[in-house]
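Walk through this fold strand by strand, then helix by helix.

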Amino acid sequence: MACQGPLPSSMPCIKLKIREICLTALIGEGKLCWSMRKFLLIPFFVAMFSVPAVPHPGGLDANGGHVNKKTGEYHYHRKKKAPAKSESNQYKDRVFVVKRVVDGDTVVLDNGEKVRLIGVDTPESHKSKKLYRDAERSQQDVETIRALGKRATAFTNDLVQGRKVLLEFDESNAVKGNRDRYGRLLAFISLYQNPEKQNSNVVIVTNPNGNIFVNATIIRSGFGNAYTKYPFKYMEDFRTYEKEARSARRGLWK
């Protein structure tokens, strides 16, 4: 089919060479008229320049972001904005039930949400890279670390398994949507109702409402370290609880 209108004198048959791709607007032996060429080139440019750039390696989490391994900062690559603080209001003043205890510092709620307890670090009970890091740092063998991890898991299980809990968040994690690099919810947990009886190895810490503050109770009872790599509002209290537990040789410090 012949072109129905002449090309502008300043616009001869245009060839585009982008990334070694040469495009000539031809169909068979007939040249497309200039108006048709423009429509043909539009999707080409869209395809070439719409791929989002990721300046450094690393997979993205469910929120479209990840932690920069060099700086330790969490940031986003997708157009989705960082979750606002108000998004955590869906958990505020709501009562959840602990469905399962993963390990001493991680639990799963009845809505399926996995929660990492802020400021608490317990020994690993499962085989993982962290297990070997813990063994190297503590100069103990892997099986010893796992045995301690199982004791810590059992303590947390006795404290919260099947019980109603309330969540509290820390302002420092709001910019990350109150989640860690693995997508787990970062929170402080308190029991909604305190049990009538408690095991003798539990040294209770309560929140202002008189409810058992789970994160702090784990540390004060000697079944976890105060994890202070990232600042949080109760950090100095948690450090004090760990020193107290060490001095009294409670829990894992025996």
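β7 and strand β11 (residues 164-168) pair in the antiparallel sense, over two bridges. Helices (H or I, at least four residues) and strands (E, at least two) are DSSP runs, numbered from the N terminus. Two strands pair if DSSP finds at least two bridges between them. The model is predicted: local features need pLDDT of at least 70, side-chain atom pairs count only at pLDDT 80 or more, and totals for chains, interfaces and linings use all residues. Residues are numbered from 1 along each chain as its sequence is written, and side-chain values use heavy atoms, with hydrogens and water left out.

Stay with the β7 and β11 pairing. F96 stands opposite V165 in β11. Strands of a sheet pair through backbone hydrogen bonds, either parallel or antiparallel. Here the pairing is mixed, and five strands form a closed barrel in the order β7-β8-β9-β12-β11. Neighbouring strands of this sheet are turned by 55° against each other on average, direction ignored. Helix α3 (residues 142-160) packs on the sheet and touches β7, β8 (106-109) and β12. The direction of α3 makes about 170° with that of β7. Axes are lines fitted to C-alpha atoms, for helices over the stretch in contact, and angles run from 0 to 180 degrees between N-to-C directions.

R116 is found in strand β9 (residues 114-117). Is R116 buried or exposed? At 12% relative accessibility, R116 counts as buried. Buried means under 20% relative accessible area, exposed over 50%, and partly exposed in between (1.4 Å probe, protein chains only). Leaving aside neighbours within four places in sequence, the contacts of R116 include D105, D121 and D180. R184, L185, L186 and A187 are also among them. Contact means heavy atoms within 4.5 Å.

Now take helix α2 (residues 129-138). Its buried residues are L131, D134 and A135. They cover an arc of only 100° around the axis, so they lie on the same side of α2. The arc is that of the directions from the helix axis to the C-beta atoms. K129, E136 and R137 are exposed on the other side of α2. What covers the buried residues of α2 includes α3. Q139 follows α2 and has a positive phi, near 60°.

Move on to helix α4 (residues 214-220), where N215 is found. N215 is buried, with a relative accessible area of 0%. N215 and A187 are 28 residues apart along the chain, and their C-alpha atoms are separated by 9.0 Å. Beyond its neighbours within four places in sequence, N215 is in contact with L117, I118, V120, A187, F188, I189 and F238.

F188, F213, F232, Y234, F238 and Y241 form one aromatic cluster. A pair of aromatic rings is described by the distance of the centres and the angle of the planes. Rings of Phe, Tyr and Trp (its six-membered ring) pair if their centres lie within 6.5 Å; planes under 30 degrees apart count as stacked, over 60 as edge-to-face and the rest as tilted. By this rule the count comes to 13 aromatic pairs. The rings of F188 and Y234 have centres 5.0 Å apart and planes at 75°, so this pair is edge-to-face. F188 lies in strand β12 (residues 185-191) and Y234 in the loop between β13 (225-226) and α5, so the pair ties together parts that are 46 residues apart in sequence. F188 is buried at 1% relative accessibility, whereas Y234 is partly exposed at 21%. Y234 also pairs with F238: centres 6.4 Å apart and planes at 10°, so this pair is stacked. F238 is buried at 0%.

Two charges sit over rings. A charge counts if NZ of Lys or CZ of Arg is within 6 Å of the ring centre and within 35 degrees of the ring normal. The charged end of K176 sits over the ring of Y230, 5.5 Å from its centre. R246 lies over the face of W253, at 3.9 Å from the ring centre.

Last, the backbone. Most residues other than glycine have a negative phi. Phi of D93 is positive, near 60°. D93 lies in the loop between β6 (74-76) and β7 (96-103), and D93 is exposed at 67% relative accessibility. R249 has a positive phi of about 55°. R249 lies in the segment after α5 (235-248) and is exposed, with a relative accessible area of 52%.
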